[in-house]
Amino acid sequence: MTQTQNDQRLDHAAEPGAVSTNGAAARFARLRVPFNQNTSLLIALAVLVTIIGVQAPEFFGSANLRTIGTTIAIAGVLAVAQTIVIIIGGLDISVGSITGLTSVTCAMVFTSAGGPFPGLLSALAAGLACGLVNGLIIVYGRVNPVIATLATLAAYKGIAQLISDGRAQGYVGADPIFIFIARGSIAGIPTLIWVFALIAVAAHVLLKYTDIGRNLYAIGGNDKAARLAGVNLNRYIIAAYCLTGAVAGFAGILLTAKTGSGQPVSGSEGLELYSITAAALGGCAMQGGRGTIPGTVLALVLLGVLENGLNILGVNSFWQNVAKGTLLVAAVVIQQRRSGERRIGLPR
Amino acid sequence: MLRLRGLSKSFAGLPALRDVSIDCNPGEVLALMGENGAGKSTLLKILAGEHVPDSGTVELDNEPLPLGSPTKARRAGIRIISQEPEIIRDVSVAENIFVGNVSTGGGRRFDRKRLTAAAHEHLRRLGLDGLLQPEARGQDLSPAQRQLVEIARALVDTPKVLALDEPTSSLTDREADALFTLVRQLRDSGVAVIYVSHRMAEIFQLADRIAVLRDGALVGERSTAATAEHEVVRLMVGRDLSGMFVREHAADERVVLTLEDVTTDDVSGISLQVRAGEVVGLAGLVGAGRSELARAVFGDVPLRAGRVLVDGQPIELRSPRDAINAGIGLAPEERKADALLLERSVRDNASLAVLDRLSRFRFVRRGAERELVEGLATRLRVRTPSIEHEVRKLSGGNQQKTVLVRWLARKPKVLILDEPTRGVDVGAKAEIYATIDALAAEGVAVLVVSSELPEVLGLSDRIVVMQNGRITGELTRGEATEERVLALAMADHLTGAS
């Protein structure tokens, strides 16, 4: 803000008065999208499904729908966690690495303890510990969350490679619990989707119906105001990163079950960006205070359908990335227009 | 010559400037005086092109000045030196001075040596050498030096009009003297100087003419030679808002809030008491340390010494949370920046400080929440389509009432209100005053920080006046007049008796 005033005074920046009365750019800037984020996502989804369905009716087959669901489940769990961190105005780009680390931990503890439950618990504990470290660095080291988790992204990946010697570890593919997680189903719906759905519902309830959720939104919306209303900022921020770590532990378990072994790096690399993509597409504001779990889930479905549909239609996978990127830019630009962001200086 | 004609400006329906016409001649120092909020800053911001007036014109040398464009105002030769200097922290003083004009020959190549030499020469010409080193970094400068950089920056070329907004508030005597010499030089070279200050001594030393604003209107113009301090003070005060205030009851004897020798980085040795049902006004000029004191009592800035007691119990203040738990509430001065979640609903904003009480097993009881918020919103007449409406869409008055609802919901023992009616329209003002009175009647100890004298006088049972971080006096409701409060608030600045 100070910088902006500075610029104005020193005649560098555009003048606010001039911008709003000036040409097509201004008209575009004033454009307001009439419906909310979720409605836009639903419309985009409907359009996409129609286009794909017309050209490839097998898209609607229950086998294909299950494929979409199980594909988005792991990234989906991380996107839910990411949503919470973004709501408080933070970001966690180490979630992919935590998933890899917890996957390896899970498989190795399973092998040495000889049972599934120590493995599952160790994955969650490891995830929680990773999240705690992130939170402590951010709060007490006073480090920007992007930088802090960029550092731990590298560090956690390194730890996972160290303890696994860089290779897939353990074999859980014969254990009935892991088989159930990977390929089982309840009421015809795969377990992977159930786990994702339960985590999403739990996060939604937390955000929407508890005082914790209200305070998380308050911190992201205006941290000074939250502090002056008696919210303990440090505790909430650390807890949010712990929660994210623990949820990434769930993702690690799902990954282990799905691939049958502990995967230090492959299988989780790139998930952090996918989770941020989904959250942003789902309406999370990067400066915090705005975003919902239903929005993120819709965005996940949209991304899953896009990927799957383009596969079915035989579109080159390089084009799929271009499509994903375009979709994200379009969504965020629309979101900025709607929120009436200031139009001078750099976006925050 | 600079000619302002019929300038009016309202913010959210609240007039800040009413039909002001003033001239300022080349080679003249015009002092602009008035209470906080009288419209001086608005006037300067219009000149600077930061605000567009609702009506009126500005002419410079018989040419109409395009309004609302900082670039054009600057090009026309107008320079405004604001109260808060803007300094780029990571570059040298020389670069700070020439920012925007850095390329001093040689195309776009940046020649540090040449720039530093130019800065030396520039400062020498202004008579500021010895006070400011061109090589120093922005972040290492004292507040006074920052102010000098701002002045040097405005004078890179000779302006036609120079306006200074309280330039000496952070300067020592030596620096101020250098500034006065500079201002006189500029005046003698034909610059029209507008000088805003509260310091009477300075004004009478420097100004040729004095223009006084009150409530946004020009209430008098005097030649300095033909007027006296007490006359200027008389012009500054004397608003009539008496119809808006109700004070119907007497305070209890029971002391609720006690400050003992409270000292922070900004205030020192503050001792005062507020009794149950009493409204104490904290008066003073902007920068006297009143908001800083409020924040210290609320645990937002650390105490260096002294203690705060509620109901006779000392409270340990590590964060605002401790203050809230002890029964203190604060509606801060900057409500948008420090109090409101602008993108959330009235409900979310109003219940923020009581979520713990409204929750069972951490689940917010939404029914109870709605009942509480709706009840208080109705009582305070918050005008909103529903309590689910986003707060940023409400007017300033309704936003402020939302903040009040938040603290009323908490049922505090002590409520601190920092500028409770800033940016609030007249109707909402009266309602906020009535609310404050009702709270006091319920036994809440209320501390009101206000820069509006009629407001302080109308609301308070007792008025404590601060200046430069210290208490300079205390007046009861019966004793207080605007002149007496202002005299205490400007105690150091008044030379003669008033």
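What follows covers the interface, the salt bridges and the cavities.

First, the ground rules: this is a predicted model, where local features need pLDDT of at least 70 and side-chain atom pairs count only at pLDDT 80 or more, while totals for chains, interfaces and linings use all residues. Residues are numbered from 1 along each chain as its sequence is written, chains are lettered from A and ligands numbered from 1 in the order in which they are written, and side-chain values use heavy atoms, with hydrogens and water left out.

Start with the interface. Chain B puts 44 residues in contact with 34 residues of chain A, contact meaning heavy atoms within 4.5 Å. The size of an interface is often given as the accessible area lost when the parts come together. Here about 3300 Å² is buried between chain B and chain A, with carbon and sulfur atoms giving 50% of that; the figure is the accessible area (1.4 Å probe) lost on putting the two parts together, summed over both.

The rule also finds 6 salt bridges across this interface, each a side-chain nitrogen of Lys or Arg within 4 Å of a carboxyl oxygen of Asp or Glu. Arg214(A) forms a salt bridge with Asp348(B), with 3.5 Å between the closest N and O atoms. On the side of chain B that touches chain A, you'll find 18 nonpolar, 7 polar and 19 charged residues (Ala, Val, Leu, Ile, Met, Phe, Trp, Tyr, Cys and Pro count as nonpolar, Asp, Glu, Lys and Arg as charged, and the others, Gly among them, as polar).

Now zoom out: over all chains, the structure holds 48 salt bridges. In chain B, the side chains of Arg209(B) and Glu28(B) meet in a salt bridge at 2.6 Å, N to O. That pair links distant parts of the chain, strand S9 (residues 209-214) and strand S3 (residues 28-33), with the two residues 181 apart. Strands (E, at least two residues) and helices (H or I, at least four) are DSSP runs numbered from the N terminus.

Where does the lining of the largest cavity draw its largest share from? Helix H18 (residues 482-489) of chain B supplies that share, 3 residues.
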